[in-house]
Amino acid sequence: MPLPRHGTVPTPRTTAATAALAALLLATACGTPDAPADRAGAAPDAEPRGHAAAGDLEVTGAWVPEPANPEIAVLYMEVSNAADEDTAITGVSTGASPDADLCSTETSGSGASRMRVVEEIPVAAGGATELVDGGYHIMVNDLPEPLEEGDEVAVTLTFAEGSELEVTAPVQPMAAGSAPVTDHGGHH
């Protein structure tokens, strides 16, 4: 470790004090208990994400990362079910494209990831299912027009019992540290 200016060597006490000060500054810069992060991963100062509720079902944090590929997009959100019975998302439609699919990314025993279209996305009674990168998500395919930051995508989710829930998801920049969805081999 290089010596600090003036020839002093940090002691455990000064190092601990410096670490405590750094943690305090980081906590202050990143938010306070009065300004929690959005449940679907947005920072407190980030633009709002889509929200809708009907009956026992609620969608929070709906958003579309600005697509790297102008022909496809992915939709993320959290779906909560306050009912006493399990349900599932069984269909999706959007005005952005006539072609949208419920999908899951699965990892094989060798560690390779593969995306596949699924018939439904389960949402447990009294629970929630997150649609995220590397898990369940919604693919919007064959976009007639590229989506750009600031656009909004209207989405209708259909559930196993026949109910529908409409939500508007903003197109936002990909969050720092998130990998864009680029591997759609075998999907379309």
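This is a predicted model: local features need pLDDT of at least 70, side-chain atom pairs count only at pLDDT 80 or more; totals for chains, interfaces and linings use all residues.
Residues are numbered from 1 along each chain as its sequence is written, and side-chain values use heavy atoms, with hydrogens and water left out.

**The chain as a whole**

- The protein chain holds one helix and eleven strands; helices (H or I, at least four residues) and strands (E, at least two) are DSSP runs, numbered from the N terminus.
- Reading from the N terminus, the order of elements is α-β-β-β-β-β-β-β-β-β-β-β.
- Of the 188 residues in the protein chain, 35% are buried, where buried means under 20% relative accessible area, exposed over 50% and partly exposed in between (1.4 Å probe, protein chains only).
- Take the contacts in the protein chain between residues at least 6 apart in sequence: 64% of them join residues at least 24 apart. Contact here means heavy atoms within 4.5 Å.

**Strand β2 and its partners**

- Strand β2 spans residues 57-65 and is mostly covered, with eight of its nine residues buried.
- Strand β1 (residues 50-54) runs antiparallel to β2, and four bridges join the two; strands pair if DSSP finds at least two bridges between them.
- Within this pairing, A54 stands opposite L57 in β2.
- The hairpin of β1 and β2 has two residues between the strands, and G55 takes a positive phi near 60° there.
- Strand β3 (residues 73-81) is also joined to β2, by five bridges, and the two run antiparallel.
- W63 has Y76 in β3 as its bridge partner.
- Strand β11 (residues 164-172) runs parallel to β2, with two bridges joining them.
- In β11, V171 stands opposite V64.

**Back to V74**

- V74 and V64 are ten residues apart along the chain, and their C-alpha atoms are separated by 5.9 Å.
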